[in-house]
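Have a look at the model first, then read on.

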Amino acid sequence: MENEYIKFTIGEKKDIALIAHDNEKPKLIEWCKENYDILKKHNLYGTGTTARLIADKTGLTIKGYNSGPLGGDQQIGAKIVEGVINFVVFFSDPLTAQPHDPDVKALMRISQVYDIPMAVSKATADFMIHSEFMDKEYVHEVINFKKNIQERAESM
Ligand SMILES: O=C(CO)COP(=O)(O)O
């Protein structure tokens, strides 16, 4: 099966998901404060508690989904599939087991599938936010999964 790629343009205003596990929330809030002037130019989304804390502590406008353990990671994942989210900052906790670990893995996996940049630490988030892609249009290329599915169905 040969893959065909679809190209689409991502505008100057990005759609950014911000997520942090509990132990990492203070770090993400600090990071949002540091990068307030950049973040305020974009559309922000987050899992429930993270989004509420960011809004309260930084004054940024952010759309909140469900809390992570109640399906928030899956909602963000669905937005990636729909082509809504362009960047993800996810300060996951590398030292604490999460009850919704399958959802966390699913979100990381779907970001890879759609080649959506995901920063999982402050260092990578700093690289991402200061990247030349942040404030300009760029062309994003992903596999045409519709063609892929059709070809698979036809071959069965
Ligand atoms: O658990 C999370 C991500 O896996 C984050 O969820 P909250 O933002 O609701 O704490």
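**Helix packing and the ligand shell**

H4 and helix H5 (residues 101–113) pack at an angle of about 15 degrees, with their axes 9 Å apart. That makes H4 roughly parallel to H5, a label for angles under 35 degrees, while those over 145 count as roughly antiparallel, 65 to 115 as roughly perpendicular and the rest as oblique. Keep in mind that this is a predicted model, where local features need pLDDT of at least 70, side-chain atom pairs count only at pLDDT 80 or more, and totals for chains, interfaces and linings use all residues. Residues are numbered from 1 along each chain as its sequence is written.

**H4 against H5**
- The axes here are lines fitted to C-alpha atoms, for helices over the stretch in contact, and angles run from 0 to 180 degrees between N-to-C directions.
- H4 passes H5 in a left-handed crossing (the near helix is turned anticlockwise from the far one by less than a right angle; clockwise would be right-handed).
- On the H4 side, the contact uses Asp73, Gln74, Ile76, Gly77, Ile80 and Val81, and these meet Asp103, Val104, Ala106, Leu107, Ile110 and Ser111 in H5 (contact means C-beta atoms, placed from the backbone, within 7 Å).
- By class, that contact of H4 with H5 has seven nonpolar, three polar and two charged residues (Ala, Val, Leu, Ile, Met, Phe, Trp, Tyr, Cys and Pro count as nonpolar, Asp, Glu, Lys and Arg as charged, and the others, Gly among them, as polar).

**H1 against H3**
- Helix H1 (residues 25–34) packs with H3 at about 45 degrees, the axes being 10 Å apart.
- H1 and H3 are therefore oblique to each other, and their crossing is right-handed.
- Lys25, Leu28, Ile29, Cys32 and Lys33 in H1 meet Thr50, Leu53, Ile54, Lys57 and Thr58 in H3.
- This contact of H1 with H3 splits into five nonpolar, two polar and three charged residues.

**Around the ligand**
- The residues around the ligand include Ile19, His21, Thr47, Ser67, Pro69 and Val104 (C-beta atom, placed from the backbone, within 6 Å of the molecule).
- Helix H3 (48–58) and helix H4 (72–81) are the elements that give two or more residues to this shell (helices are DSSP runs of H or I, at least four residues, and strands runs of E, at least two, numbered from the N terminus).
- H3 gives the most to the shell, with three residues.
- The shell around the ligand holds three nonpolar, eight polar and one charged residue.

Note on methods:
Two residues are in contact if their C-beta atoms, placed from the backbone, lie within 7 Å.
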